Amino acid sequence: MGQVRQTRRVQAYDGELGAAVARAQDGDETAFAVAYRIVQPGLLGYLHGLVGDDAEDVASDAWLEIARDLGRFKGDGAGFRGWCATIARHRALDHLRRRRVRPRAGGTEQDLLNLPCPHSTHEQALESLSTERALELVRSLPQDQAEAVLLRVVVGLDGPAAARVLGKRPGAVRTAAHRGLKRLARQLGVGSGTDAGVTDEAS
């Protein structure tokens, strides 16, 4: 599906993103548009995993808050992606509360990521899917695992940054991501019968 490549591409843009954010904080509207174009695809994918078809509405609310509070942000490009994901997550949870719909069952928002090394089972599994099908499968995971996978693979955050978004310990996040990716791999029949290529980083 190209999500792993997308993660690497997003991370490669962090220098450009950090520079754009700095210019946007000085009032450069074109720079804000550059930051938006870099961050929005991953943010929208993350929100699709949380609120489904309402993702675009929630993303709009999040961007209004991001624009309003931009002057208070301090950090680099990677930090900005994490900050945006935190705001988007809060707006998504508010949206779910307003709809009186609980986040998908399956545990607390307890864990998230620092995914296995390149060429692992999760990469093979995710590369084989279309984006729509992948999001559908990820949404079928328990909530904590789904958010771990979305933040790491779709938004492109590293383990500590994803843990900060969720307010959880990095170790708990790694455990959730590991379990979610193993479950996805089993559903796709990738590496079936073995955990080869799936690295347990929970220890």
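Some ground rules come first. Residues are numbered from 1 along each chain as its sequence is written, and side-chain values rest on heavy atoms, with hydrogens and water left out. Since this is a predicted model, local features need pLDDT of at least 70 and side-chain atom pairs count only at pLDDT 80 or more, while totals for chains, interfaces and linings use all residues.

The protein is built from 10 helices and zero strands, where helices (H or I, at least four residues) and strands (E, at least two) are DSSP runs numbered from the N terminus. Read along the sequence, the pattern is simply α-α-α-α-α-α-α-α-α-α. Of the 203 residues, 51% count as buried; buried here means under 20% relative accessible area, exposed means over 50%, and partly exposed covers what lies in between (1.4 Å probe, protein chains only). As for contacts (heavy atoms within 4.5 Å), among those between residues at least 6 apart in sequence, 78% join residues at least 24 apart.

Nine salt bridges turn up in the structure, each being a side-chain nitrogen of Lys or Arg within 4 Å of a carboxyl oxygen of Asp or Glu. One of them pairs D14 with R81, at 2.8 Å from N to O. D14 sits in helix α2 (residues 14–25) and R81 in helix α5 (residues 77–98), so this pair ties together parts that are 67 residues apart in sequence. Both ends are tucked away: D14 is buried at 15% relative accessibility, and R81 is buried at 3%.

D69 shows up in two of the bridges. Its side chain meets that of R68 at 3.0 Å, N to O, and it also pairs with R72, with the closest N and O atoms 3.7 Å apart. D69 itself is buried, at 7% relative accessibility, whereas R68 is exposed at 60% and R72 is exposed at 64%. Elsewhere, salt bridges link E65, R91, D94 and R97 into a network.

Helix α10 (residues 170–188) runs for 19 residues and spans 27 Å from its first C-alpha to its last. That is close to the 27 Å expected at 1.5 Å a residue, the expected span being 1.5 Å times one less than the number of residues. Its buried residues are A172, V173, T175, A176, A177, H178, G180, L181, L184 and A185. Just after the helix, G189 takes a positive phi of about 75°.

How do α8 and α10 pack, and at what angle do their axes cross? The axes of α8 (residues 143–155) and α10 come within 8 Å and cross at roughly 95°; they are lines fitted to C-alpha atoms over the stretch in contact, with angles running from 0 to 180 degrees between N-to-C directions. The two helices are therefore roughly perpendicular, a label given to angles of 65 to 115 degrees, with under 35 counted as roughly parallel, over 145 as roughly antiparallel and the rest as oblique. From α8, the contact draws on D144, Q145, A148 and V149; α10 supplies V173, A176, A177, R179, G180, L181, R183 and L184. By class, that makes seven nonpolar, two polar and three charged residues (Ala, Val, Leu, Ile, Met, Phe, Trp, Tyr, Cys and Pro count as nonpolar, Asp, Glu, Lys and Arg as charged, and the others, Gly among them, as polar).

R183, in helix α10, is partly exposed at 33% relative accessibility. Leaving aside residues up to four places away in sequence, R183 touches L141, P142 and Q145. Its C-alpha is separated by 9.8 Å from that of L137, 46 residues away along the chain.
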